[in-house]
Amino acid sequence: MNEIINAASERMDKSISSLNQAFNKIRTGRANPSILDGVKVDYYGTPTVLNQAASISVEDGRSLVISPWDKSLIPEIEKAIMNSNLGLNPSTSSDLIRISMPSLTEETRQDYIKQARSEAENARVSVRNIRRDSNQSIKDNQSSGDISEDDQRRLEDLIQKETDKYIALVDAELKKKEADLLEI
């Protein structure tokens with residue numbers, strides 16, 4: 001019956017990974033290449049993720065440098081960044097594209113915090129759904145006679161402890177992201 005708990009833990013880990021990916025897409029005042037993960041550029045007729053068509057690096061704490069592998073892509077990359085709704089303005093100098101991260105206003109910080117809280121709540125819901133699925137699986141095993149009622153209670157307690165652990169992880173990640181967003 002440990003396989004139920006292991007499967008639940010594995011799925012809850014994926015929820016945390018998904019939350020971290022969502023948090024990486026929320027812009028802070030500092031430059032982070034992962035903010036461009038969702039940007040796709042038209043690469044010879046194929047929508048391609050930007051980091052597969054160019055190298056992206058942090059120049060200093062507040063700017064990114066994009067070096068396309070094919071220099072003819074520079075206009076396409078600029079257009080894709082402008083259309084990405086990230087609020088970023090690329091500037092081109094020779095064969096590099098620079099993006100300065102604008103300082104966050106108090107209003108945008110609050111909007112990003114709301115977005116982060118929403119992502120965290122989605123992760124909590126996901127963890128709770130996994131708990132529900134696991135408990136249902138335990139109940140099914142008990143009703144089919146595979147495990148006793150005592151084992152059912154013990155397994156449900158273990159699932160609840162895992163759930164509590166992952167909810168606390170979500171809260172800790174949210175707290176870190178909020179601190180990151182509030183940092184000036």
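## Helix H1 against helix H4

In this predicted model, helix H1 (residues 2-24) and helix H4 (residues 149-182) have axes that come within 10 Å and cross at roughly 10°. Angles under 35 degrees count as roughly parallel, so H1 is roughly parallel to H4. On the H1 side the contact is made by Ile 4, Ile 5, Ala 8, Ser 9, Met 12, Asp 13, Ile 16, Leu 19, Asn 20 and Phe 23. On the H4 side the residues are Leu 155, Leu 158, Ile 159, Glu 162, Thr 163, Tyr 166, Leu 169, Val 170, Glu 173, Leu 174 and Lys 177. By class, the contact of H1 with H4 has 14 nonpolar, three polar and four charged residues.

Thr 163 lies in helix H4. Its relative accessibility is 1%, and therefore Thr 163 counts as buried. Apart from neighbours within four places in sequence, Thr 163 is in contact with Met 12, Val 127 and Arg 131.

## Burial and length of H1

The buried residues in H1 are Ile 4, Ile 5, Ala 8, Ser 9, Met 12, Ser 15, Ile 16, Leu 19, Ala 22 and Phe 23. The cover over the buried residues of H1 includes H3 and H4.

At 1.5 Å a residue, the 23 residues of H1 should span 33 Å. The end C-alpha atoms of H1 are 33 Å apart, which agrees.

## Helix H3 against helix H4

H3 and H4 pack with their axes 10 Å apart, at an angle of about 170°. Since angles over 145 degrees count as roughly antiparallel, H3 is roughly antiparallel to H4. The residues of this contact divide into 15 nonpolar, seven polar and 11 charged.

Helix H3 covers residues 106-143, and Asn 135 has its place there. With 17% relative accessibility, Asn 135 counts as buried, because the cut-off for buried is under 20%. Leaving aside neighbours within four places in sequence, the contacts of Asn 135 are Glu 156 and Ile 159. Ile 159 is also among the H4 residues that meet H1.

For the length of H3, the 38 residues should span 56 Å at 1.5 Å a residue.

## The loop between H3 and H4

Gly 145 lies in the loop between H3 and H4. Just after H3, Gly 145 takes a positive phi of about 90°. The relative accessibility of Gly 145 is 56%, so Gly 145 counts as exposed. From Gly 145 to Asp 133 the separation is 12 residues in sequence and 19 Å in space, C-alpha to C-alpha.

## The hairpin of E1 and E2

Strand E1 (residues 40-43) and strand E2 (residues 46-49) form an antiparallel pair over four bridges. Lys 40 has Val 49 in E2 as its bridge partner. The hairpin has two residues between the strands, and Tyr 44 takes a positive phi near 55° in this hairpin.

An open sheet of four strands has the order E3-E4-E6-E5, and the pairing is antiparallel. The edge strands are strand E3 (54-60) and strand E5 (90-93), and each of them pairs on one side only. On average, with direction ignored, neighbouring strands of this sheet are turned by 25° against each other. Helix H2 (residues 74-82) packs on the sheet, where it touches E3, strand E4 (63-68), E5 and E6. The direction of H2 makes about 165° with that of E5.

E5 and strand E6 (residues 96-100) pair in the antiparallel sense over four bridges. Thr 92 stands opposite Ile 97 in E6.

## Ser 94 between E5 and E6

Ser 94 is found in the loop between E5 and E6. Most residues other than glycine have a negative phi. Ser 94 is not a glycine, yet its phi is positive, at about 50°. The relative accessible area of Ser 94 is 69%, so Ser 94 is exposed.

Methods. Residues numbered from 1 in each chain as written. Predicted model: local features only at pLDDT ≥ 70, side-chain atom pairs only at ≥ 80, totals over all residues. Heavy atoms only, no water. Axes fitted to C-alpha atoms, helices over the stretch in contact; angles between N-to-C directions. Parallel < 35°, antiparallel > 145°, perpendicular 65-115°, else oblique. Contact = heavy atoms within 4.5 Å. Nonpolar A, V, L, I, M, F, W, Y, C, P; charged D, E, K, R; others polar. Pairing = 2+ DSSP bridges. Buried < 20%, exposed > 50% of the residue type's maximum accessible area, 1.4 Å probe, protein only. Expected span 1.5 Å × (residues − 1).
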